[in-house]
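Let us take a friendly walk through the inside of a protein, looking at how its side chains pack. Have your viewer ready.

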Amino acid sequence: MSSATLQGDPSVDSFFNVVETETLALSEYVSFEFLEEFDVFAPAETGRTRDHEPPALMRGFLHCYYKDIYGIRPVARELRNTIVWLGCGFDRPPSRDAVDRFLTDLEHVVEDVFERLVEQAARRGLLNMTYCIDSTDVRAMPADSDASKCYDPTDDEYYYGYGCTIVSTGQKIPIAAEFTESKQAPEETAMRVTRDALAVGKPLWMLGDSAYDTLDWHDHLLAAGVVPVAPYNARNTDDPKNIEYRVEDRITDHSEDIQMKQSTLDETYNRRSGVERTNESVKDCGLGRTHARGRVHARAQVFLALCLRLVVAITNYERRDNPGSTVITV
């Protein structure tokens, strides 16, 4: 068959249309070459090289998560689809063992991978001056013996699984996160994730619900030049103050020259709905319910979902001003 015949074949046109809109779109503007810098992906000491490169396997996993495909066998099966493995950059379909080995290695560095993708989003200017912090539930399979019964105070219900604390900004962009035993994370987690977020860039505002009404969290942010906005929880004391937000009290201890209007705080706190949209979006990318047994595997799925959300955000940003480009809707 001649090249001219191939160019006029409708099936060939369909092939490239599918690859463009569903697979290549997820990695067209994002570099995964940094994966080769991690020691876990280095060739074995015996000299044996990998059958497939980590960037292609990463693109393959993101494609599968985008399609709600999880687990080693389903992923390996999906990557045997000619359109998919060609679009992800393989020279031939990866075996189940190759998929399993990659995920096992990725589990050691998946949080670092997430941080490298956050850097790519930051370089594009996708972060804004308002950060939001919140915790969300991560539902697990009943067969996961590492998961536990957790309480969700938002919905006043119990669930079986884990939790994840996320700092987000911009258009549903997660920039810091930590996988936790339950949705109600300890204060140390909030402080750790907050520090990670500030390492990415310094915002003007940091928003959280009343669960973040702690002195250490407020004082750390104020010392960094960031205004924390979290509702004052009067239940934390026998002698409650006449304030709506903890910062109204703390700011007097940090500066005599700064005055915050409550109307400004109210208006700013209303932006917190952005973190809820981020949580829902990341759940659509695979965070909502894990399909793996064990804490290590569940954590890897959560961070892969966060990575997918970042890739979607970067892709949509790059394609926004490109007429005819497809917007990815997660």
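What follows covers the nonpolar cores, the aromatic rings and the cysteines, in that order. Keep in mind that this is a predicted model.

In soluble globular proteins, nonpolar side chains tend to be buried together. Here the largest nonpolar core has 80 residues. The members that touch the most others in it are F32, M58, L106, V113, L117 and V167. Which helix gives the most to this core? That is helix 12, residues 295–319, with 13 residues.

Now turn to the rings. A pair of aromatic rings is described by the distance of the centres and the angle of the planes. The structure holds 9 aromatic pairs. One of them joins F34 and F38, with 6.3 Å centre to centre and 85 degrees between the planes, an edge-to-face arrangement. Are these two residues buried or exposed? F34 counts as buried because its relative accessibility is 6%, and F38 counts as buried at 13%.

Compare that with Y151 and Y158. Their ring centres are 5.1 Å apart and their planes lie at 50 degrees, so this pair is tilted. Y151 is partly exposed, with a relative accessible area of 26%, while Y158 is exposed at 55%. Y158 has another neighbour worth a look: K149 lies over the face of its ring, at 4.8 Å from the ring centre. Elsewhere, ring pairs link F41, F61 and F102 into a cluster.

Finally, the cysteines. A disulfide is a covalent bond between the sulfur atoms of two cysteines. How many disulfides does the structure hold? The count is 0. C88 shows the reasoning at the level of one residue: the closest cysteine sulfur to its own is in C64, 7.2 Å away, and that is too far for a bond, because a disulfide needs the two sulfur atoms within 2.5 Å. C88 is buried, with a relative accessible area of 0%. C285 is buried too, with a relative accessible area of 0%.

Technical notes: Residues numbered from 1 in each chain as written. Predicted model: local features only at pLDDT ≥ 70, side-chain atom pairs only at ≥ 80, totals over all residues. Heavy atoms only, no water. Core = buried A, V, L, I, M, F, W, Y, C linked by side-chain atoms within 4.5 Å. Buried < 20%, exposed > 50% of the residue type's maximum accessible area, 1.4 Å probe, protein only. Helix = DSSP H or I, 4+ residues; strand = E, 2+ residues; numbered from the N terminus. Phe/Tyr/Trp six-rings, centres within 6.5 Å; stacked < 30°, edge-to-face > 60°. Lys NZ or Arg CZ within 6 Å of the ring centre and 35° of its normal.
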